[in-house]
Amino acid sequence: MTARSLLIRGPSPAEPPEAQRKTVPVGKRTASEVPEKVVPPEDRYKANPPFLLRGRDVRKEGRMRYYLGVDWADQTHAVWVGDERGTKITARTVPHTAEGMIEWGRELDEWRAQKLELWAAIERPEGRVVDFLLDHGVVVYPVNPKALDRARDRFRQGGAKSDPFDARVLADFLRTDHPRLQALQPSSEAAQELKFLTEDCQRQIRQQTRLVNQLTNTLKAYYPRGLEVAELTTALAREFLQAYPTPAAVAALTERQWQRWARAHRLSEARTQELWAVLQRPQLPVPPHVVRAKARLMHTLLAELELVVAAVGAYRQAVEDFFAALPAAQWIRTLPIGEHGVTAPTLWARLGDAPGRWESFHHLQAHAGAVPVTVKSGKQQVVHFRFACDKALRSVVDQVAFLSLRSSEWARAYYDQQRARGHEHREALRALGAKWLKIIFVLWERQVPYDESYHLATMARQQLRQRPKKLA
């Protein structure tokens with residue numbers, strides 16, 4: 001039985017699989033700077049001790065919880081603290097300095113020493129403020145900025161806002177809606193370091209792409225023949241442009257000089273003759289002033305590109321070496337996406353290793369944006385693309401699906417089936433990525449390697465279970 005005959009129904013626009021409703025932190029919002037306020041005196045708790053709540057002593061009833069709303073910014077952070085009834089305990093601004101953070105940490109430690117449980121809501125899942133809260137024993141709940149924007153209407157309908165007001169909304173939103181939120185579960189230090197490495201590597205790759213696009217546009221403006229020698233990211237193309245930076249330099253080149261240059265760069269005879277034929281083709285004349293200006297820009301971009309290409313290579317090697325030393329590499333490298341490269345390390349870095357971080361494969365699919373969103377109202381039903389997701393995770397899942405087409409029989413068969421149903425390449429790839437996320441979730445949860453034959457056998461068993469139902 002072939003893999004094509006074992007295909008099971010996947011996600012489609014007509015009947016998409018629905019993910020569980022969850023608050024998934026996406027994006028980051030930088031709050032505007034607020035002036036530092038005067039910190040209340042140290043005896044601010046004497047009139048209302050933290051263990052007294054409306055006339056009752058909570059020390060006799062069990063542990064009490066404080067809800068913190070933290071509206072982070074670049075220089076100061078607005079903090080609002082409330083109790084379990086929503087009563088204000090304190091409101092302050094914390095300067096983002098060593099002294100300000102130390103004073104705030106001392107206050108958090110005093111509350112914890114009084115057996116107070118501290119929960120904090122903040123609009124970002126990572127960063128120095130989040131690390132600071134976790135270090136002081138605070139349970140952190142990341143809140144989607146869109147959820148905060150809609151929660152403001154509970155207090156003000158006029159649209160007015162400020163950082164202290166947002167902190168209050170965050171604290172109250174956490175107090176009333178924490179069952180719908182998911183507490184932050186940080187990964188290990190190794191997983192976090194790998195995540196930073198892969199993110200920085202991707203930034204360098206995007207910078208390389210930008211420089212290649214700029215250099216391509218520059219050469220098209222005055223020297224399109226330089227694009228036909230080799231890819232601009234290769235050393236051959238960069239050395240050719242350094243040696244022959246203008247059309248006039250190529251026009252003055254003799255065949256003997258070209259053969260000498262080609263031998264110095266270890267080009268084969270066939271490749272040498274092929275490129276010589278390309279260089280002899282005529283091109284449209286370009287005014288001298290355009291050549292002089294664009295040639296200067298070409299040299300500048302070429303120098304920048306050479307540094308970035310070297311940085312990309314160094315980052316790729318660093319990511320592979322770091323990931324090879326982790327135990328997770330033994331199972332994630334079994335996916336049919338190649339034994340080398342940064343795709344597998346990037347995938348594992350986005351998944352993390354915090355136990356229970358992903359509740360189900362539905363949760364993982366929604367976070368990766370691999371499944372659509374269905375909006376139903378009365379007789380209307382609209383299915384649209386899922387924009388609220390982890391963009392980096394969605395990108396690496398698409399890369400996993402694309403690379404699996406070369407090595408996985410069932411993945412190629414499923415992709416071809418989606419294309420036959422009229423789906424575009426991106427849609428078919430996204431549907432295949434949703435399939436892979438089901439498998440990846442099981443591998444991540446059980447820490448077991450991928451086995452293609454075992455997966456095909458599982459698909460066969462599912463076909464056999466579905467066959468009696470169809471006959472009935």
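This report describes the helices, cores and selected residues of a predicted model.

**Overall composition**

The protein chain contains 17 helices and nine strands. Of its 472 residues, 46% are buried. When contacts between residues at least 6 apart in sequence are considered, 63% join residues at least 24 apart.

**Nonpolar cores**

The largest nonpolar core has 83 residues, and those touching the most other members are Phe-240, Leu-335, Leu-347, Trp-410, Leu-432 and Trp-436. Helix α16 gives the most to this core, with 12 residues. A second, separate core holds 23 residues, including Tyr-66, Leu-68, Val-81 and Ala-120. Within the largest core, Leu-347 is among the residues that touch the most other members. With neighbours within four places in sequence left aside, Leu-347 is in contact with Ile-332, Leu-335, Leu-393, Val-396, Val-400 and Ile-440.

**Helices α14 and α16**

The axes of α14 and α16 come within 8 Å and cross at roughly 95°. An angle between 65 and 115 degrees counts as roughly perpendicular, and α14 is therefore roughly perpendicular to α16. On the α14 side, the contact is formed by Val-397, Asp-398, Val-400, Ala-401, Phe-402 and Ser-404. These meet His-425, Arg-426, Leu-429, Arg-430, Leu-432, Gly-433, Trp-436 and Leu-437 of α16. By class, the contact comprises eight nonpolar, three polar and three charged residues.

The buried residues are His-363, Leu-364, Gln-365, Ala-366, His-367 and Ala-368. They pack against α12 (343-351), α14 (391-404) and α16 (425-446). Gly-369 follows α13 and has a positive phi, near 70°.

In helix α2 (residues 128-135), the buried residues include Val-129, Val-130, Phe-132 and Leu-133. These four lie on the same side of α2, because they cover an arc of only 160° around the axis. The packing partners of the buried α2 residues are β3 (64-71), β4 (76-82), α1 (98-113), β6 (116-122) and β7 (139-142). Just after α2, Gly-137 takes a positive phi of about 75°.

**Lys-195 and Arg-357**

Two charged residues are considered individually, and their accessibilities are tabulated below.

| Residue | Relative accessible area | State |
|---|---|---|
| Lys-195 | 17% | buried |
| Arg-357 | 22% | partly exposed |

The cut-off for burial is under 20% relative accessible area; at 17%, Lys-195 therefore counts as buried. Lys-195 lies in helix α5 (residues 189-222). Leaving aside neighbours within four places in sequence, Lys-195 is in contact with Glu-126, Ala-349 and Arg-350.

Arg-357 lies in the loop between α12 and α13. Not counting residues up to four places away in sequence, Arg-357 touches Gln-182, Gln-185, Ser-187, Arg-350, Leu-351, Gly-352, His-363 and Trp-444. Of these, His-363 is one of the buried residues of α13. The C-alpha atoms of Arg-357 and Leu-184 are separated by 8.4 Å, although the two residues are 173 residues apart along the chain. Arg-350 is a contact of Lys-195 and also of Arg-357.

Definitions and conventions: Residues are numbered from 1 along each chain as its sequence is written. This is a predicted model: local features need pLDDT of at least 70, side-chain atom pairs count only at pLDDT 80 or more; totals for chains, interfaces and linings use all residues. Side-chain values use heavy atoms; hydrogens and water are left out. Buried means under 20% relative accessible area, exposed over 50%, partly exposed in between (1.4 Å probe, protein chains only). Helices (H or I, at least four residues) and strands (E, at least two) are DSSP runs, numbered from the N terminus. Contact means heavy atoms within 4.5 Å. Axes are lines fitted to C-alpha atoms, for helices over the stretch in contact, and angles run from 0 to 180 degrees between N-to-C directions. Angles under 35 degrees count as roughly parallel, over 145 as roughly antiparallel, 65 to 115 as roughly perpendicular and the rest as oblique. The arc is that of the directions from the helix axis to the C-beta atoms. A nonpolar core is a set of buried Ala, Val, Leu, Ile, Met, Phe, Trp, Tyr and Cys residues joined through side-chain atoms within 4.5 Å.
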